Amino acid sequence: MNCRSLVRMAVSLALSLPLQAAVERDVRVFDAVWLTAPPGARCPALGFPGSILIRSPDDDDRAPWTLHGALGMDEFHGSCRGLIEKIPSLIAEDTWSNERNVFQLSADKLTVVQTPAVLREIEAYLAALHSLRGRRIEVEIAIVPPSALDRAAGARRDADPPWLPGRVIDEAVLAAGDDALVHREVIEEGETLGVSPVSRAAFVKDIEVNQTGTTPVENPVIGLLKGDLGFQARAWATPLGGWYEFEIRLLRLHEEPGARRATPSGDIDLTQGAGVLLFCDAPVPAERTIVLGELRWPEKEPAPLAVLARLRPAAVPAAPGGGGVRLLEAGLLARHWPGATVTRGERGESYVVVAGPDAGVEEDPLYAGEDLVEKARAALPLDMRVDPRLRIEASHSHIAVTVMGDREATARAADAIEAMVRGLFDTHAKAAEMRFWLGPIESAALAKIVDPAAGTTLLIPDWRAAIDPARGTAIRLAGFADRLVRFAAARGRSYIADVEHVSGGREKIITEAADPIVSWAGTGIELRAFARPVPGRPWIQIGIEGAAAATTFGRTLSVRTDRRVEVDEAGGMRAIGQTVDIDLPEQKAQTWKHYVTVPAGRACLLATAPDPADPKMIQILVAEGRVLSLRGE
Amino acid sequence: MCGTTAFLCLLLPGAGLGTSPPPESATVRRETRIFDIQFLTEEIPDFPLEDPGALGALLLCSPDTEEEAEAAGDFAFGAREEPAGRYWEGPWADEDIFVGGFAAGTAVLTGMEPPIPRWTRIDPKALVELIRRNIAEDSWANQRNRIEADPQALTVHQTPDVLDDIERLLSTLRARRARMVSIEIAIVPAEALDAATRDGSPFLSSEAFDRILARAGDRGTQLSFTAYDGQTVSRHIGTQRVMIRDSEVNQTGVSPVINAVIQTIPLGYLAEVRADAIADIEWIALHARVIHRALAGEPEIRKEMFGEFEFAPVSERSLSTSTIVRSGQAVLAGYLRGDAASVGSIAALVRARPLALEKPGGAPAKAPAGLRAAMYDVEFLLRAARAISPGLSGWPADPEDLVRMIRAGIEPESWSDARVEIDADEKRLTVYQRPTVHAAIAAMLERWRRDVLAVASIETWILRGKKGALVPFILAAGPDGTLPEKWTGLAGGAGLRIASEARLAGVPGEKMSSFGWVARTYVADYENVSGGTGWTVSEVPDPIIVSAGTGISLGSAVGILPGDIALARLRCVDATTRFDRTTTVNMSWGLSAESVIRAGSPLPAEKREKDASLTVFIPAKVDLPSQQAWVFDRVQTIPSGRPILVEARSDGAGDEPAMARVMRVRLWKGIQGNE
């Protein structure tokens with residue numbers, strides 16, 4: 001018997017058969033379409049065309065700064081459906097074995113035959129779910145010059161958290177005038193907001209060789225150059241009321257066709273451009289302005305900038321109270337957790353692994369539903385834990401708890417579990433701010449800024465006063481501790497890094513084809529970093545992988561792409577086949593891989609090196625990590 | 001009790017058998033606490049150099065016969081099996097067998113396993129077991145108490161005092177895990193070394209480090225690192241240059257095709273270092289490697305039928321050693337200098353000190369009276385003891401001996417208690433015993449660690465002169481080759497000049513090496529490769545590119561025998577290479593008939609029909625370099641501190657056909673201070 005038949009039979013039974021006079025029953029069909037529909041997901045491809053570093057043409061990871069696909073997973077959908085499916089165990093559990101009562105959830109509706117009291121309970125429960133599902137968040141993102149932010153929020157913000165008064169974003173945009181870039185949109189909770197860059201231009205990106213046929217054939221690859229702002233963003237509520245988990249993948253890149261390079265298979269448009277990339281996850285208090293990242297450096301292209309965001313809850317109808325089931329925000333804990341995991345790493349490979357679609361690694365929740373139920377149960381007093389009326393269910397976003405028929409006990413249990421959830425949240429969801437400074441200082445200044453009491457690692461508190469900070473690159477990033485922040489600011493160009501020959505054919509014909517390998521390299525800085533407080537100690541772990549590079553192009557060598565020769569009268573031979581010029585760029589580069597534990601709030605000298613441009617100067621890389629309190633805000 | 005000895009020193013009030021769990025009653029208050037343990041369970045990554053090998057090589061090799069099949073500048077304790085001389089191989093190509101040690105009971109240096117990564121993560125299950133064994137041990141049988149761990153969190157339901165004890169334990173573990181070290185490396189010309197280094201001791205004051213760096217001026221380079229104790233970190237400072245250094249043939253398709261090999265070459269300074277704080281004593285074991293690499297001239301661009309590639313002369317100078325340094329002080333890892341520009345001059349100094357994340361202080365927690373578990377770091381002790389005359393020393397060289405000596409030497413009767421446990425591996429000693437026994441173990445381990453502290457330095461000089469200069473110098477040496485302390489005057493008087501000298505300092509049994517050369521790639525050979533279909537055959541030439549150069553490389557390891565005798569293994573190559581001859585070989589070049597243009601037009605139609613493909617021979621240039629190479633590879637027993645004439649030869653060519661090699665080994669054992 002299929003579901004439809006079951007429902008039909010149940011309804012017909014409910015309507016036609018004489019019901020016991022003592023038990024009044026009713027039929028309700030609830031629309032479940034919206035509750036169970038996943039939030040939207042728009043996912044433009046975002047990323048730099050490549051790393052600023054010159055890489056081996058044989059390296060598969062040619063565009064490590066690209067986000068593949070969507071942010072995380074869409075779990076809210078499964079979450080609401082899961083909570084609906086739990087109704088028979090949360091509400092009037094003992095009654096569902098009575099065949100007169102019906103609970104039937106299909107793809108688009110929920111049909112229930114029950115007593116009016118139970119139906120009211122279910123209605124209240126579903127209304128609460130509707131309230132959750134209907135949560136909307138206004139997202140505002142602004143990119144402004146740091147000077148505009150300074151005018152709006154004051155230049156002396158070293159000790160301030162990145163959460164500033166809500167008005168700051170408006171004032172910074174006003175102060176920036178035409179230099180500001182603003183985006184505002186209202187999204188559903190959990191929806192992936194995808195914004196594609198506005199300008200586009202077609203270009204011949206590459207020529208690829210297709211070897212699937214009998215002989216290799218060459219095909220042009222037509223790409224789209226996309227200009228200016230593109231991003232993906234998503235916001236979730238957290239167990240801390242008034243705070244959102246905000247995930248953003250932002251790219252501001254302006255590229256244009258550069259030199260056209262002739263190859264035997266056709267012309268390739270080499271491109272040039274400049275841009276900034278910021279991928280981060282941050283806790284954001286509602287109604288406040290958060291400074292997600294700041295870049296100050298002496299370069300003009302890309303220009304220094306600050307990335308600001310403000311989240312505000314959009315008004316939704318409040319859920320009517322009075323239900324016997326309490327829904328507790330579990331946030332983060334039961335959803336995907338793209339935390340940075342440190343591995344021993346291999347030579348030359350990244351040592352940080354982050355689960356998620358852009359890493360091709362499956363994300364696991366911190367706590368699967370059963371784990372969360374187990375922890376919730378363990379958080380209750382013993383008498384309550386063994387209460388047969390207690391029901392706890394968990395989904396990807398919420399914990400539902402009830403002590404059936406006892407609202408007071410339900411409230412007590414919910415309070416205890418809520419405290420446990422907040423405790424778990426405190427354990428896992430910490431916030432941190434990282435600051436990096438890379439630049440030249442006079443060799444003699446090093447002794448002045450190093451704290452003599454702490455070896456050569458820690459700097460004195462006012463070390464910036466002893467140097468010229470404007471000569472270096474200062475980066476300030478805020479986000480969840482433990483999450484990887486990716487940041488890049490660079491200008492660069494594509495180039496022909498290699499030509500690979502392949503052959504194919506049969507019998508009398510052999511064909512060879514030359515496949516130009518187009519890479520990208522540039523000048524600027526790129527880093528992947530995370531900070532993680534050490535529990536119980538005033539220390540912080542800082543991990544950083546990155547590079548600063550200055551790339552010059554000029555040298556080329558030619559390789560031959562066919563074998564034609566010319567035989568002269570004397571029998572001598574001369575190669576006359578076509579050639580491709582391979583670019584041989586040179587690069588001044590510093591690469592870093594650091595993973596250290598240092599006192600929180602203290603500037604730490606990660607590395608020093610001679611400045612290749614001036615023997616009297618040295619280059620230093622300074623990092624500072626701060627733990628940010630979410631409770632205090 | 002030496003409070004810092006134990007890796008896990010569980011001096012927690014209320015811990016151990018001496019403390020009873022709180023009585024079970026209705027009034028016992030319990031709570032659930034969640035502890036973040038990710039800091040303890042996560043790996044600490046290593047950041048080694050991406051490509052730590054030498055770019056070039058020194059010795060010529062024969063690509064076809066694999067004659068002289070060993071890497072220039074390389075030395076190994078075992079036999080090499082792989083052919084060498086190719087530019088992608090170098091002194092570090094077979095890293096694992098470099099870690100030297102002495103086979104017990106023999107005087108032969110043998111390979112030893114590589115160092116074990118230190119302070120690897122703590123397994124959550126092991127952490128739970130550790131807590132259950134050490135904190136309120138008897139209370140965990142009560143089902144009201146619970147403890148569970150995943151890599152992120154430790155969840156415990158217990159009484160508040162037990163939870164507080166767990167918090168204290170985790171805090172102690174975090175402090176252990178967070179040990180950081182500041183490391184500075186100064187790379188200077190050997191000429192910048194001053195009087196502080198002339199007495200032969202590798203140990204320098206912190207002031208001497210700064211002074212030498214200042215003397216080097218613009219020619220000196222300082223690199224600094226902050227790293228975890230036991231973590232390998234590295235830097236590359238300089239430029240990256242993309243070069244086409246080779247062409248290789250791809251035979252995966254129907255016909256072989258030739259492709260350029262494009263490499264990104266790091267130029268400038270490369271450094272890799274690891275600092276291991278030696279438990280309980282103020283010394284740090286260092287493993288350091290520095291390389292300076294630069295273009296030594298304009299690359300030759302070779303144009304061949306299939307395209308162009310570059311042969312760039314590259315100068316490389318490198319020092320690598322494993323040594324020890326007193327915390328806050330410096331050590332001269334080594335230097336190399338030669339009067340030839342190809343050898344150049346390089347010296348490396350290292351200064352290291354632990355980074356104190358918190359000030360020591362506070363009253364030590366009171367030790368419980370009952371049994372408790374503790375782990376001790378024994379990695380350095382075992383490795384060092386193994387290198388010092390095993391079988392004759394009073395120190396344990398393997399985990400079994402360690403356990404045996406502790407059981408026999410410390411309260412032997414206490415080990416008959418069925419509850420006590422002792423176990424050891426190459427890295428850790430784990431003991432479950434009474435506090436008094438722990439204190440005695442800690443004191444014994446500390447004494448042993450100090451006893452096995454030792455450093456050996458090996459110095460070599462290469463002298464050059466006319467043939468007649470050798471005899472008076474040989475006569476000046478004693479029958480065992482021993483030279484007087486002031487032998488340089490004798491050499492000069494005989495007409496021998498010091499062409500190059502080097503000194504390396506390192507822990508006994510560990511490898512030390514250095515090289516300074518200018519090497520370049522060249523076409524050593526061509527190999528023809530063919531492929532095709534039933535009707536069509538194609539051939540392409542595959543150039544075999546290898547590297548050779550001019551300069552010096554040396555590798556050594558020193559062991560200590562009884563009576564201040566050193567057992568030294570030294571491999572030294574001194575080579576001069578000339579790239580002055582080439583020859584032309586005709587290589588097959590498979591063509592389709594349409595590919596051949598004769599006098600501006602394709603081959604005649606009848607020719608094309610007859611031959612679907614044809615092969616022509618193209619001229620290709622092969623380099624035929626010549627080389628003078630002095631290869632010295634010996635294991636010798638040498639009295640500590642005495643200069644020895646180890647080799648004298650007069651079979652060279654040119655103006656200075658005579659060569660003499662002098663070597664001196666110095667030993668510092670049982671070091672108590674920064675001597």
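Student: Which atom does the side chain of B:Ser514 reach, and at what distance?
Tutor: The backbone oxygen of B:Ser318, at 2.8 Å. A polar contact is a pair of N or O atoms within 3.5 Å; within protein, one must be able to donate a hydrogen and the other to accept it, and residues adjacent in sequence count only if both atoms are side-chain atoms. The 2.8 Å distance falls within that limit.

Student: What should I know about the model and its numbering?
Tutor: This is a predicted model: local features need pLDDT of at least 70, side-chain atom pairs count only at pLDDT 80 or more, and totals for chains, interfaces and linings use all residues. Residues are numbered from 1 along each chain as its sequence is written, chains are lettered from A and ligands numbered from 1 in written order, and side-chain values use heavy atoms, without hydrogens or water.

Student: Why does B:Ser514 count as buried?
Tutor: Its relative accessibility is 2%. Buried means under 20% relative accessible area, exposed over 50%, partly exposed in between (1.4 Å probe, protein chains only). B:Ser514 therefore counts as buried. B:Ser514 lies in strand S22 (residues 512-532) of chain B. Contact means heavy atoms within 4.5 Å; leaving out residues up to four places away in sequence, B:Ser514 touches, among others, B:Leu336, B:Leu504 and B:Ile552.

Student: Why are A:Cys280 and B:Cys572 called buried?
Tutor: A:Cys280 has 1% relative accessibility. B:Cys572 has a relative accessible area of 1%. Both values pass the burial test.

Student: How many disulfides are there over all chains?
Tutor: The count is 0. A disulfide needs a pair of cysteine sulfur atoms within 2.5 Å.

Student: What puts the buried residues of H6(B) on the same side?
Tutor: They are B:Pro399, B:Leu402, B:Val403 and B:Ile406. They cover an arc of only 95° around the axis, which puts them on the same side of H6(B). That arc is taken from the directions from the helix axis to the C-beta atoms. An α-helix has 3.6 residues a turn, so residues three or four places apart point the same way. On the other side of H6(B), B:Arg404 and B:Ala408 are exposed.

Student: Which residue caps the N-terminal end of H6(B)?
Tutor: B:Asp398, with a side-chain oxygen 3.1 Å from the backbone nitrogen of B:Glu400. After H6(B) comes B:Glu411, with a positive phi near 40°.

Note on methods:
Helices (H or I, at least four residues) and strands (E, at least two) are DSSP runs, numbered from the N terminus.
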